[in-house]
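Thank you all for coming; I would like to take a few minutes to walk through one model, going from helix packing to the sheets and then to a few single residues. Please keep the sequence and the structure in view while I talk.

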Amino acid sequence: MFRTVLIKRGSKLQYIKGYLVVYDGEEERKVYLKDVTCLIIESTSSLITIPLLIQLVKNNISVIFCDEKHNPTGTVLGLSNHFQNSGNIYKQINWNPNITKLLWKEIVKLKINMQLQVLNMFEKTNIELLESYTLEVEDNDITNREGLAAKVYFFSLFGQEFNRKEQSVINDLLNYGYSIILSCFNREIVQAGYLTQLGIFHRGKSNPFNLSCDFMEPFRPIIDVLAFISVNHKEPIKEMRKILTKKVIINNERRYIDDAIRIFVSIMLRILNGEDVNIPNIVLKSKEHYFND
């Protein structure tokens with residue numbers, strides 16, 4: 001079963017009778033559209049037809065466009081056709097602030113726990129420090145344990161010279177991976193009939209994906225694992241392209257990452273709407289799994 005379709009060279013993409021048809025001048029391949037969850041177009045010389053774009057949107061398929069350096073630069077999101085779209089947005093505007101503050105606390109704790117798993121996986125330092133941060137997170141993370149943990153975590157994983165804002169192979173890999181999973185979160189939130197713009201913690205006026213940025217935080221360490229493994233590979237970006245073929249364990253079930261994202265978003269929305277649901281447990285698999293799959 002196809003999950004991600006990657007277009008690496010100039011191609012024409014069109015829709016024919018339920019299939020995504022890709023013709024690159026040498027060969028033609030057909031992929032049943034129902035088997036696709038994500039389409040990544042890396043070649044800037046590719047052409048895509050309007051009928052195909054419409055079908056991709058109708059089938060809730062993430063479409064990601066990359067620039068000439070293979071960096072994701074844009075995505076396509078449909079107008080939600082959820083039957084309770086307006087009602088859900090009204091609920092979103094009126095989410096209980098006490099619940100949003102408590103949920104952000106739990107999201108931060110889960111993210112730091114994921115970072116701990118990464119550091120343990122690669123036998124890095126500062127384990128005890130991050131463990132202490134998980135015990136100190138308050139509602140809405142008012143003491144910014146998320147930011148403190150991130151600084152310690154990145155230095156431990158990538159070294160004291162690492163700077164998240166500098167141009168580097170590692171940052172290119174991280175940005176690529178984060179963009180892919182952000183697109184998956186956007187897809188699930190829109191499909192559920194909610195706005196990606198209205199976040200519970202992220203409130204950037206120029207950020208159209210505030211809620212997606214909130215929800216994706218615990219999934220970032222998965223990308224960090226792949227970046228750490230890929231950076232010493234002969235073709236690091238080739239390894240990072242395999243993101244959505246990887247699996248995690250969520251609520252004791254092995255799931256592809258995009259399936260885990262769907263489950264996670266559903267649970268987050270239920271919590272925000274006042275349902276008594278526990279935040280899911282996420283466990284990383286072994287480093288051999290992420291390297292070999």
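This is a predicted model: local features need pLDDT of at least 70, side-chain atom pairs count only at pLDDT 80 or more; totals for chains, interfaces and linings use all residues.

**Helix packing, sheets and some buried residues**

Let me begin where Leu-173, Leu-174, Gly-177, Tyr-178 and Ile-181 of helix 6 meet Arg-220, Ile-223, Asp-224, Ala-227 and Ser-230 of helix 8, where contact means heavy atoms within 4.5 Å, and where helices (H or I, at least four residues) and strands (E, at least two) are DSSP runs, numbered from the N terminus. By residue type, this contact of helix 6 with helix 8 divides into six nonpolar, two polar and two charged, with Ala, Val, Leu, Ile, Met, Phe, Trp, Tyr, Cys and Pro counted as nonpolar, Asp, Glu, Lys and Arg as charged, and the others, Gly among them, as polar.

Residues are numbered from 1 along each chain as its sequence is written, and side-chain values use heavy atoms, with hydrogens and water left out.

Returning to that pair, helix 6 and helix 8 (residues 220-230) pack at an angle of about 145°, with their axes 9 Å apart; axes here are lines fitted to C-alpha atoms, for helices over the stretch in contact, and angles run from 0 to 180 degrees between N-to-C directions. The crossing of helix 6 and helix 8 is right-handed, a crossing being left-handed if the near helix is turned anticlockwise from the far one by less than a right angle, and right-handed if clockwise.

The crossing of helix 3 and helix 4 is left-handed, and the contact is made by Lys-109, Ile-112, Asn-113, Gln-115, Leu-116, Leu-119 and Asn-120 on the helix 3 side, with Ile-127, Leu-130, Glu-131, Tyr-133 and Thr-134 on the helix 4 side. Here the residues divide into six nonpolar, four polar and two charged.

What does Gln-115 touch, leaving aside its neighbours within four places in sequence? Gln-115 is in contact with Leu-130, Ala-149, Ala-150, Tyr-153 and Pro-221, and at 2% relative accessibility it counts as buried, which is to say under 20% relative accessible area, where exposed is over 50% and partly exposed lies in between (1.4 Å probe, protein chains only).

Four strands form an open sheet in the order 1-5-7-8, with mixed pairing, and two strands are taken to pair if DSSP finds at least two bridges between them. Strand 1 (4-7) and strand 8 (72-76) stand at the edges, each with a single partner strand, so one side of each has no neighbour in the sheet; the twist averages 20° from one strand to the next. Strand 5 (residues 38-41) and strand 7 (residues 62-66) run parallel and are joined by four bridges, with Leu-39 having Val-63 as its bridge partner in strand 7. Strand 7 and strand 8, by contrast, pair in the antiparallel sense over four bridges, and the hairpin they form has five residues between the strands, among them His-70, which takes a positive phi near 70°. Helix 6 (residues 169-191) lies across strand 1, strand 5, strand 7 and strand 8, running at about 150° to strand 7.

There is also an open sheet of three strands in the order 10-9-11, with antiparallel pairing, whose edge strands are strand 10 (253-256) and strand 11 (282-283). Strand 9 (residues 247-250) and strand 10 pair over four bridges, and Val-248 stands opposite Arg-255 in strand 10. Helix 10 (residues 257-272) lies across strand 9, strand 10 and strand 11, at about 110° to strand 10.

Finally, two more residues. Cys-213, in helix 7 (residues 210-216), is buried, with a relative accessible area of 11%, and it is in contact with Leu-182, His-202 and Asn-207, its neighbours within four places in sequence left aside. Thr-196 lies in the loop between helix 6 and helix 7 and counts as buried at 4% relative accessibility.
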